[in-house]
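Reader: I have a structure to go through and would like to discuss it with you. Could we take it one topic at a time?

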Amino acid sequence: MNPKQLHYEALANTVIKNLEKRQIGGYYCSNIEEAEKKAFSWLTEHCTVSFGGSMTLEDTGMLTALRHDPNIRLIDRSTAGSPDEVKSVYHEALSADFYFTSANAITADGQIVNVDGTGNRVAAFIYGPEHVIVMAGMNKVVPTLEAALSRVHNTAAPMNCQRLHRATPCFATGVCTDCLSPDCICAQTVITRRSQVPGRIRVILIGEDLGY
């Protein structure tokens, strides 16, 4: 392994130990293929599965794999047409057996930080689905909570605004101004510092740079 891979593995082991103190399962996979295999090993036949918006799930191919798995029932918002149908999918996702998502940042001491616009993703993270599976590249790991929030507002949010073509200050400048723009995607900030249900949340740390 090269120095970067060795560093990621050592850092992941530290994060995993701290996640476990918070009743959150932690796992390390060196690459996307291992991570996908690990995630699928937890799914049960005929289970219901849903997911939150995530470039990491796109990058890993996890969404494509889920959409082609005949053994699960996927609650997929991409099949919704009207706003009312999208809202219905969001509500249905809260009753899924498994909910896939990523994280905007994860601190070295095991706190998971997510900032959301609509709030459906963080709502499912907090309560509803029986199991939450987080897939996150090691580029999402930061030293402190302050660094996590900085990462969200100065890296993840501006990039997502570019992707979604949102008319926000950070879209134009690349810098967060703590705006209240109508197109703002930073409406809800959730810091998960502990899982009340032991093992409900499982985090797969992947030794690659994924998502924003």
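Reader: Which element gives the largest share of the lining of the largest cavity?

Author: Please note at the outset that this is a predicted model. The largest share of that lining, 3 residues, comes from H5.

Reader: How many cavities of 30 Å³ or more does the structure hold?

Author: The structure holds 1 such cavity.

Reader: Which residues line the largest cavity, and which elements give two or more of them?

Author: The lining consists of Ser50, Phe51, Ile75, Arg77, Val89, Tyr90, Ala93, Leu94, Tyr99, Asn120 and Ala124. The elements that contribute two or more residues are E2, helix H5 (83–93) and H6.

Reader: Let us stay with E2. Are its residues buried or exposed?

Author: Strand E2 spans residues 48–51 and is covered on both faces. Thr48 and Ser50 are buried on one side, and Val49 and Phe51 are buried on the other.

Reader: Which strands pair with E2?

Author: Strand E3 (residues 73–74) runs parallel to E2 and is joined to it by 2 bridges. Here Val49 stands opposite Leu74. Strand E4 (residues 98–101) also pairs with E2 in the parallel sense, over 3 bridges, and Phe51 has Phe100 of E4 as its bridge partner.

Reader: How many residues of E7 are buried?

Author: In strand E7 (residues 131–137), 6 of the 7 residues are buried, so this strand is largely enclosed by the rest of the structure.

Reader: Turning to the open sheet, what is the order of its strands?

Author: The open sheet has 4 strands in the order E8-E5-E6-E9, and the pairing is mixed. Strand E8 (141–142) and strand E9 (188–192) are at the edges; each has a single partner strand, so one side of each is left without a neighbour in the sheet.

Reader: In what sense do E5 and E6 pair, parallel or antiparallel?

Author: Strand E5 (residues 105–107) and strand E6 (residues 112–116) are antiparallel, with 2 bridges between them. Ala105 has Val113 of E6 as its bridge partner.

Reader: Which helix lies across those strands?

Author: Helix H7 (residues 145–164) lies across E5, E6, E8 and E9, at about 30 degrees to E6.

Reader: Where is the kink in H7 centred?

Author: The kink, of about 35 degrees, is centred on Val152. Val152 is also one of the buried residues of H7, and the others are Ala148, Arg151, Ala156, Ala157, Pro158, Asn160 and Cys161.

Reader: What covers those buried residues?

Author: The cover includes E5, E6, E8 and helix H8 (169–173).

Reader: What about His46: where is it found, and is it buried or exposed?

Author: His46 is found in the loop between helix H2 (32–42) and E2. Although His46 is not a glycine, it has a positive phi of about 65 degrees. At 61% relative accessibility, His46 counts as exposed.

Reader: And Asp178, where does that lie?

Author: Asp178 lies in the loop between H8 and E9. Its phi is near 55 degrees, a positive value in a residue other than glycine. Asp178 is exposed, with a relative accessible area of 66%.

Reader: One last topic: what is the volume of the largest pocket?

Author: The largest pocket has a volume of about 750 Å³. Of the 33 residues that line it, the closest to its centre are Gly53, Ser54, Arg77, Arg163 and Leu164. Two or more lining residues come from each of helix H3 (55–60), E6, helix H6 (120–126) and H7.

Reader: Which element gives the most to that lining?

Author: H7 gives the most to the lining of the largest pocket, with 6 residues.

Technical notes
Residues are numbered from 1 along each chain as its sequence is written. This is a predicted model: local features need pLDDT of at least 70, side-chain atom pairs count only at pLDDT 80 or more; totals for chains, interfaces and linings use all residues. Side-chain values use heavy atoms; hydrogens and water are left out. Two strands pair if DSSP finds at least two bridges between them. Contact means heavy atoms within 4.5 Å. Axes are lines fitted to C-alpha atoms, for helices over the stretch in contact, and angles run from 0 to 180 degrees between N-to-C directions. Buried means under 20% relative accessible area, exposed over 50%, partly exposed in between (1.4 Å probe, protein chains only). The bend at a residue is the angle between axes fitted to the seven residues ending there and the seven starting there. On a 1 Å grid over the protein atoms alone, a cavity is a set of points where a 1.4 Å probe fits but cannot get out, and a pocket is an open set with protein on both sides within 12 Å along at least five of seven lines; lining residues have an atom within 4 Å of a point. Grid points are joined across faces, edges and corners, and a volume is the space filled by probe spheres set on the points.
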